[in-house]
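Trainee: Let's go through this model together. I'll ask, you answer.

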Amino acid sequence: EETPMLGVPEEELLGMVSKFAMPTQKGLPLQPKLAASINYMATNQLQEQAINDTAAKYLAPENCVSINVPAVNNPIWGNMSPGIRSQEVKLQRILKLLASGITAVARPVDGVEMSEELQDALALLCNTQFEINCYRKSVIRPALNPKFAGLCRPSSAQPPTLLF
């Protein structure tokens with residue numbers, strides 16, 4: 001079978017790049033229709049209006065303020081370069097969608113016993129949010145006064161409404 005877009009048999013490609021490739025472990029397969037849907041959504045730009053409408057259905061619960069996107073403090077925002085601001089706006093959009101995804105996973109199981117897989121899914125999604133917020137801090141760090149750079153440590157507790 002040829003590798004899409006490369007026109008090279010997959011076995012041959014793997015042989016050429018195997019010493020450079022990141023090892024990947026694979027889990028049990030999903031049902032073909034679900035796998036095809038996931039693969040499509042993960043590799044294609046989805047319609048922005050449909051994504052926005054879907055995300056709007058899953059606003060963060062009022063008692064889960066920690067999954068809202070923390071804003072950058074105004075004094076820090078004012079010291080950020082246009083390039084860092086642009087990255088920050090993109091990361092905020094990703095986090096907003098992630099918060100909607102966390103809510104969409106949590107809503108159907110609210111008040112019922114969660115399976116271990118759903119607990120794992122929520123833990124992975126919430127940790128992804130934490131990691132993105134840590135990355136945001138590292139990107140913004142150069143714009144900070146050096147005496148405040150310690151605020152960018154990943155171990156720093158994150159206030160629910162502001163990034164710093």
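Mentor: Helices (H or I, at least four residues) and strands (E, at least two) are DSSP runs, numbered from the N terminus. This is a predicted model: local features need pLDDT of at least 70, side-chain atom pairs count only at pLDDT 80 or more, and totals for chains, interfaces and linings use all residues. Residues are numbered from 1 along each chain as its sequence is written, and side-chain values use heavy atoms, with hydrogens and water left out.

Trainee: Which pattern does the protein follow along the sequence?

Mentor: The protein has two strands and six helices. Read along the sequence, the order is β-β-α-α-α-α-α-α.

Trainee: What share of the residues counts as buried?

Mentor: Buried means under 20% relative accessible area, exposed over 50%, partly exposed in between (1.4 Å probe, protein chains only). Of the 164 residues, the buried share is 22%.

Trainee: How many residues does the largest nonpolar core have?

Mentor: A nonpolar core is a set of buried Ala, Val, Leu, Ile, Met, Phe, Trp, Tyr and Cys residues joined through side-chain atoms within 4.5 Å. In the largest one, members include V72, I140, L163 and F164. Apart from it lies another core of eight residues, among them L95 and L122. The count for the largest core is eleven.

Trainee: How many disulfides does the structure hold?

Mentor: A disulfide is a pair of cysteine sulfur atoms within 2.5 Å. For C64, the nearest cysteine sulfur, that of C126, is 8.2 Å away. The number of disulfides is zero.

Trainee: Is C64 buried or partly exposed?

Mentor: Its relative accessibility is 33%. By contrast, C134 is buried at 11%. C64 therefore counts as partly exposed.
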